[in-house]
Amino acid sequence: MSNREFNVIGLVGRHDKPIIVDSLQTVYDTLRAAHRTVRIEKRTAELMSVSGDEHIARRDLGECDLVVVVGGDGSMLGVARDLAHTKVPVLGVNRGGLGFLADISPDQIESRLRDVLNGNYRLEVHFLLDHTVYRDEKPVHSSPALNDIVVNSGSITRMMDFHLFIDGEFVYEQRSDGLIVSTPTGSTAYSLSAGGPIMHPTLDAIAIVPMFPHTLTSRPLVVGADSQISVVMTSANDYPLVSADSQVSYILHPRDEVRIQKSPHGLNIAYTSTHSFYEACRSKLDWGSRLGGQGFQ
């Protein structure tokens, strides 16, 4: 239960998915029925065909008391990079895939949204990672990420060579498809597919997961969230990619260095009071099933 009131609420949806309009409209109608002021991100308003003075630019969502995101976890990732520094809480309605971040289903919008407006919610702070690419010791690119920073070869038919350093100490030289550096939030995303550990989202740690390493002994590492991680390209012929949340990509040059560290900003995610990370794992990762039985009752 929280005493924080949400009076001015921003609404943003996935722009390339017109099928979500019904959910956007339900959110809008529920908020208006609760006598809240609604500010709709401009491109979302175009998708809804709503006119009026309530349209705002995406950068102005940070002036709201709460932002409701309708889409999938990918939509939440984009909003996270834009709004984490504002400390504005974000609530997700899932119209995508698994929905670990955006966990309200379309049929729950009215009841769950009313719960949140009535103070029946809790906030979880999910930290982000910052990464900066250095070329000849000069920064040439940077971006935050809520899920992960991924350095990969840029080709399904070619491996890459790199050195890994943690807090200035050499860890290993590796030849592989790449490396995933994941937050606890991202541990149920790409990192999970690569064999990384599942971490509770409130854990203060970072997972470092090799992608198909050319060795039988390389395993994921879990380090403290305050660790300074450096990935140095060692091949003179490769031009791999670095990406933030698989949404912001940059082509690396030979000898580039990617420095990764915990961001000073975290995303405040609003969940209803009944939300459980473990229940989400059971339902979305099929933990609860067993052969020949009904599971725990």
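# Working chat: burial, contacts and salt bridges

Q: Let's start with Val50: buried or exposed?
A: Val50 has a relative accessible area of 15% and is therefore buried, where buried means under 20% relative accessible area, exposed means over 50%, and partly exposed lies in between (1.4 Å probe, protein chains only). This is a predicted model, in which local features need pLDDT of at least 70 and side-chain atom pairs count only at pLDDT 80 or more, while totals for chains, interfaces and linings use all residues. Residues are numbered from 1 along each chain as its sequence is written, and side-chain values use heavy atoms, with hydrogens and water left out.

Q: Where does Val50 lie, and what does it touch?
A: Val50 lies in the loop between helix 2 and strand 3, with helices (H or I, at least four residues) and strands (E, at least two) taken as DSSP runs and numbered from the N terminus. Leaving aside residues up to four places away in sequence, Val50 touches Ile40, Ala45 and His55, a contact being heavy atoms within 4.5 Å. From C-alpha to C-alpha, Val50 and Ile40 are 8.8 Å apart in space, and they are ten residues apart in sequence.

Q: And Glu54, where is that one, and which residues does it touch?
A: Glu54 sits in the loop between helix 2 (42–48) and strand 3 (55–56). Not counting residues up to four places away in sequence, Glu54 touches Tyr28, Arg32, Val38, Arg39 and Ile40. Its side chain is joined to that of Tyr28 by a polar contact of 3.0 Å, which here is a pair of N or O atoms within 3.5 Å; within protein, one must be able to donate a hydrogen and the other to accept it, and residues adjacent in sequence count only if both atoms are side-chain atoms.

Q: Why is Glu54 called buried?
A: Glu54 has a relative accessible area of 14%, so it counts as buried.

Q: What about Glu124, buried or exposed?
A: Glu124, which is found in strand 6, counts as buried because its relative accessibility is 7%. The side chains of Glu124 and Arg122 are joined by a polar contact of 2.9 Å. Not counting residues up to four places away in sequence, Glu124 touches Pro201, Thr202, Leu267, Asn268, Ile269 and Tyr271.

Q: Switching to charges: how many salt bridges turn up in the whole structure?
A: A search of the whole structure finds 13 salt bridges, each being a side-chain nitrogen of Lys or Arg within 4 Å of a carboxyl oxygen of Asp or Glu.

Q: Which residue does Asp256 pair with?
A: The side chain of Asp256 meets that of Arg135 in a salt bridge of 2.8 Å, N to O. This pair links distant parts of the chain, with Asp256 in the loop between strand 16 (248–251) and strand 17 (257–272) and Arg135 in strand 6 (residues 121–135), 121 residues apart. Asp256 has a relative accessibility of 1%, so it counts as buried.

Q: And what does Glu257 pair with?
A: Glu257 and Arg259 meet through their side chains in a salt bridge of 3.3 Å, N to O. Salt bridges that share partners join Glu137, Glu257 and Arg259 into one network. Glu257 counts as buried at 16% relative accessibility, whereas Arg259 is partly exposed, with a relative accessible area of 30%.

Q: Where's Asp16 in terms of exposure, and which partner does it have?
A: Asp16 is exposed, with a relative accessible area of 56%, and its side chain forms a salt bridge with that of Arg14 (2.7 Å, N to O). Arg14 counts as partly exposed at 36% relative accessibility.

Q: How many disulfides does the search find?
A: The search of the whole structure finds zero disulfides, a disulfide being a pair of cysteine sulfur atoms within 2.5 Å. Cys64 counts as buried at 7% relative accessibility, and Cys281 is buried with a relative accessible area of 0%.

Q: Back to backbone geometry: what is phi for Phe212 and for Arg255?
A: Phe212 has a phi near 45 degrees, a positive value in a residue other than glycine, and Arg255 has a positive phi of about 75 degrees although it is not a glycine. Most residues other than glycine have a negative phi. Phe212 lies in the loop between strand 12 (205–211) and strand 13 (221–224) and counts as exposed at 65% relative accessibility. Arg255 is found in the loop between strand 16 and strand 17 and is exposed, with a relative accessible area of 51%.
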